[in-house]
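This report describes the structure shown below.

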Amino acid sequence: MLTKGLPFYTILLPNLLKFNAMFFQQIINGLTVGGVYALIALGYTLVYGILELINFAHGEIYMIGAYLGIIFLGIFTAAGLTEYSLLLSLVLTFIMSTLVCSAYGFTVEKLAYKPLRNAPRLNPLISAIGVSIFLQNYVMLTQGATDKVFPHVIPVTIIEFSNVTMTTLQLFIIIVSLLLMAGLHLFIMKTKTGKAMRAVAQDKIMASLLGINIDRIISVTFIIGSGLAAVAGLMVAMYYGLVNYSIGYLVGIKAFTAAVLGGIGSVPGAMIGGLVLGLIESLGAGYLSSEYKDAYAFIILIIILLVKPTGLLGKSEGPRP
Amino acid sequence: MLKLESVHTFYGHIEAIRGITLGVGPGEIVCLIGSNGAGKSTTLMTISRILTPSKGRVLFEGKEIQNLPPHKIVSMGISQVPEGRRIFPKLTVKENLEMGAYLGSRGQGVRDQGQGDGNQESENLLEYVFNLFPVLKERQKQLGGTLSGGEQQMLAIGRALMSKPKLLLLDEPSLGLAPIIVSKIFKTIRELNAEGLTILLVEQNARAALKLAHRGYVFESGQIAKEGKGRDLLDDPDIKKAYLGE
């Protein structure tokens, strides 16, 4: 992109002048990926808030969600359900993928993290990396190493208003992401289990002294995080149309960056971090260079770690009260 | 009501209590006194099963409880206010109290308030705690971390009462509080006991604790050095010298 001999800004300037339409176009694209990042980032932040563990296998749960979407939609299509009612078939695909993915998350915690609950903090982290590698290879062996195509069953309608286009699928992804985030927020703030999750995150011993079953709350956390990742995986599979056993890696690290950007452990932080990261990526791709799209996330990660390691909404480090 | 039979517990690599045998009868206030590190808090944490005893038995109403998980202990009617109060700083005062009623109320220690459905009962308990500590009602929407030390102690006790315990374990309720607050807390403890709540109290403030308690145990490096009626221990010359500064 950079042409030799010309200063950087002379390339930048004409791009900046194409402001209106392109800007809003990138905002829409950014919100679409940002919503997905936010859903996955929530899984990282919820688990970190309660266990102080970076669950590096979380990206793989997202990848499994994408595969489950293809599998279940395939089953429902073969059974003739999709022809009968596309909506019903899609709704059932979402429900089944979310349930099965939650079961994966639940099992991973019970097998790989729970036995290490009282071990030094590095051990569960290494266990998480192990689970990540295992799940990638497990999917590669059972589903094959080549790309899988998401069934073309959903008609794509393009909504256009003054040079800005948006597909119905983009609109769907943005709405579902925002609804799930609002739902999670209400769950955490208003329900008894949600309040108990916050209590456990703040003081596990005190929570047990009040009769809260810590193991149960941890399981609920993994189930919710994995369910959100499943929805994200399914929506991305619909959006890009292709799925591969390794897609969890990059998206996982980007969502982790989003969680750090917002302040790891903070639920609203993960939501804002995800959306901001999506917007930065998309605006960067539009105005600077789309070849460096993946690099923006990590440039941001480095800047955050240098300038404000606690993230946008993170709590400052220090002794716990 | 509660019985410990030669209980040993490790805290880290140190055997913090070595063969503790003690009992608490229904309706009693029993206090544990002794210097720092004598094993008083470890004893309470062992009863609540945050720490696991390596040897010995813990019996509550005749049932062995040393192998039950902590949340089962609470559901049997044992509630603890731990040292340092451990308020959830980012939960509101009301939410802190609601967490106290997480299991729904099981015991009968605190006077029976209403027999309605669960929600109704929890509302009644909330009213009961607000009557006990009116300042909590004023502050119910504030975050727990913004309360003063005395208010936090009241919140911690109120929260523990929300499960309607039969036995309340209190660890250092007077620690770091102004004398006027301390006397208010001790007065509340006496009132709760008068309503039928059994109390096991750990205190550094030995004089006040022994005056309040029916019986006391003196801890010394993980073992019980002396036990007796509160009044008798107050008059004991060794104890006067070691713990009462006379």
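Y217(B) stands opposite E227(B) in β10(B). The two strands concerned, β9(B) and β10(B), are antiparallel and share six bridges. The model is a predicted one. Two residues lie between the strands of this hairpin, and S221(B) has a positive phi near 35°.

## Confidence

The ipTM of the model is 0.91 and the pTM is 0.89. For chain B the average pLDDT is 90, with 93% of the residues scoring at least 70. Residues 106-116 of chain B have a pLDDT below 50, and this stretch makes 30 contacts in the model beyond near neighbours in sequence.

## The six-stranded sheet of chain B

β9(B) and β10(B) belong to an open, mixed sheet of six strands, ordered β6-β7-β8-β3-β9-β10. Its edge strands are β6 (78-81) and β10 (223-229) of chain B, each of which pairs on one side only. From one strand to the next the twist averages 15°.

Within this sheet, β3 (residues 29-34) and β8 (residues 198-202) of chain B run parallel and are joined by four bridges. C31(B) is placed opposite L201(B) of β8(B). Helix α1 (residues 40-47) of chain B packs on the sheet, where it touches β3, β6, β7 (167-171), β8 and β9 (215-220) of chain B. The direction of α1(B) makes about 145° with that of β7(B).

## The four-stranded sheet of chain B

Another open sheet in chain B has four strands in the order β2-β1-β4-β5, paired antiparallel. At its edges are β2 (14-24) and β5 (63-64) of chain B; each has a single partner strand, so one side of each has no neighbour in the sheet. Strand β4 (residues 53-60) of chain B is antiparallel to β5(B) and joined to it by two bridges. Here F60(B) stands opposite K63(B) in β5(B).

Helix α1(B) packs on this sheet too, touching β1 (2-11), β2 and β4 of chain B. Its direction makes about 70° with that of β2(B).

## Helix α6 of chain B

Helix α6 (residues 149-161) of chain B lies across β6 and β7 of chain B and runs at about 170° to β6(B). The helix has 13 residues, and the distance from its first C-alpha to its last is 18 Å, close to the 18 Å expected at 1.5 Å a residue.

Is α6(B) largely enclosed by the rest of the structure, or largely open? Eleven of its 13 residues are buried, so the helix is largely enclosed. Among the buried residues are E151(B), M154(B), L155(B), I157(B), R159(B) and L161(B).

## Positive phi in loops and turns

Most residues other than glycine have a negative phi. R49(B) has a positive phi near 65° and is not a glycine. The residue lies in the loop between α1 and β4 of chain B. R49(B) counts as buried because 22 other C-beta atoms lie within 10 Å, where 20 or more are needed.

K164(B), also not a glycine, has a positive phi of about 50°. The loop between α6 and β7 of chain B holds K164(B). K164(B) is buried, with 24 other C-beta atoms within 10 Å.

In chain A, strands β2 (residues 158-161) and β3 (residues 164-167) run antiparallel and are joined by four bridges. E160(A) stands opposite T165(A) in β3(A). The hairpin of β2(A) and β3(A) has two residues between its strands, and S162(A) takes a positive phi near 40°.

## Where the chains meet

The contact involves 22 residues of chain B and 15 residues of chain A. On the chain B side, α2 (70-76) and α3 (93-100) each supply at least two residues. By class, this side has ten nonpolar, seven polar and five charged residues.

S208(A) lies in helix α9 (residues 204-209) of chain A. Which residues does S208(A) contact, leaving aside its neighbours within four places in sequence? They are I214(A), I50(B), P70(B) and H71(B). S208(A) is buried, with 23 other C-beta atoms within 10 Å. G74(A) is 134 residues from S208(A) in sequence, and the two are 45 Å apart in space, C-alpha to C-alpha.

How values were computed: Residues numbered from 1 in each chain as written. Chains lettered and ligands numbered in written order. Predicted model: local features only at pLDDT ≥ 70, side-chain atom pairs only at ≥ 80, totals over all residues. pLDDT = per-residue confidence, 0-100. Contact = placed C-beta atoms within 7 Å. Nonpolar A, V, L, I, M, F, W, Y, C, P; charged D, E, K, R; others polar. Pairing = 2+ DSSP bridges. Axes fitted to C-alpha atoms, helices over the stretch in contact; angles between N-to-C directions. Expected span 1.5 Å × (residues − 1). Buried ≥ 20, exposed ≤ 12 C-beta atoms within 10 Å, placed from the backbone.
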